[in-house]
Amino acid sequence: MLCILLNIVPMNDNFIAKWESQVKKGVLEFIILIVLSRKELYGYELITELKSRTDYNVAEGTIYPILNRLKAEKLIQSHWQEMESGVPRKYYKITKEGTKLLQLMITSWDALATSIQRLKTK
Amino acid sequence: MSPLSEQDKKDIRMELDSHIFESMSTRGTEDEIASLLLTLQTLGEPEEFLVQEVAQRKLTQATRTFNPIHITSALLMNMGNGFIHMFKHIAFSLLYLFIFAFSLTSVVKLIVPSRVGYFTDNEGFFHFGISTQIEGKKEVLGFWYVPLSIGIAIVLYLLATLLMRVFNKKPKK
């Protein structure tokens, strides 16, 4: 019995970990848009904000292709700002189109959350 | 990063420099080498994030310029990224291969004119391109086939590139 339990528990943990990873990947763009809708941030600042407000533990470099994709979609825009340190920062902010899309995503997310809640209580 | 434009390469380098600088600055006065190693560790493997970044930028460049060299490079790069994306890019590769093969028929027309063209007969048969079964069939275009097939190939090339640009974007709600 113990042997069976020892086999099953790690498999469930692994399944949950993979599932959580997929869910997090899926909503990362949504979360980035939410964070940028509040304030203009530079790359490293955005990563720090994501880590402090969520329990995201992804490789920091993976944020940049996502930002580039959002920028290609014209949902965010960026500009370089010279700093006293001599190392410029690239600031990102949400565009008007990004704000409109974010509202739709929030509506969609809330509807999904409500549906899942209903399923759980039935 | 070599397939990218100079502007894109500079942009990526500057962004990575900025990230490394900010990350090391927040770690305070630790051992600089240890701080750098930790920064690079948390940044992640370049094969993981840089490949995606380069492939994404190359695809954007390809669909904006309509340049066949950029398109080929972008398709080859993106074929390596992701299983589903691979199928999408294989499909586009086959489409471009078809367009290229189709445009080659205009060259074959100059070499074997009797076997290439627009063939019809009285029974409703029609064939556009290279045909081996031409007995009883009439070729109606003559050497007009050459500019027509090149024109069709150009239109298909432009449409395929625009389609790839559309597929490159994610669906909006």
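In what order do the three strands of the open sheet in chain B run? The legends below take that up, then move to chain A and the interface.

This is a predicted model, in which local features need pLDDT of at least 70 and side-chain atom pairs count only at pLDDT 80 or more, while totals for chains, interfaces and linings use all residues. Residues are numbered from 1 along each chain as its sequence is written, and chains are lettered from A in the order in which they are written.

**View 1. The open sheet of chain B.** The order is 2-1-3, with antiparallel pairing. Strands here are DSSP runs of E, at least two residues long, and helices are runs of H or I, at least four, both numbered from the N terminus; two strands pair if DSSP finds at least two bridges between them. Strand 2 (126–130) and strand 3 (138–139) of chain B sit at the edges, each pairing on one side only.

**View 2. Strands 1 and 2 of chain B.** Strand 1 (residues 116–120) is tied to strand 2 by five bridges. Look for B:F119, which stands opposite B:H127 in strand 2.

**View 3. The elements of chain A.** Chain A has four helices and three strands, running α-β-α-α-β-β-α from the N terminus on.

**View 4. Where chain A meets chain B.** Here 20 residues of chain A are in contact with 22 of chain B (C-beta atoms, placed from the backbone, within 7 Å). Helix 2 (43–53), helix 3 (63–72), strand 3 (89–94) and helix 4 (96–121) of chain A each supply at least two residues of chain A's side. Helix 3 of chain A gives the most, with five residues.

Methods:
Two residues are in contact if their C-beta atoms, placed from the backbone, lie within 7 Å.
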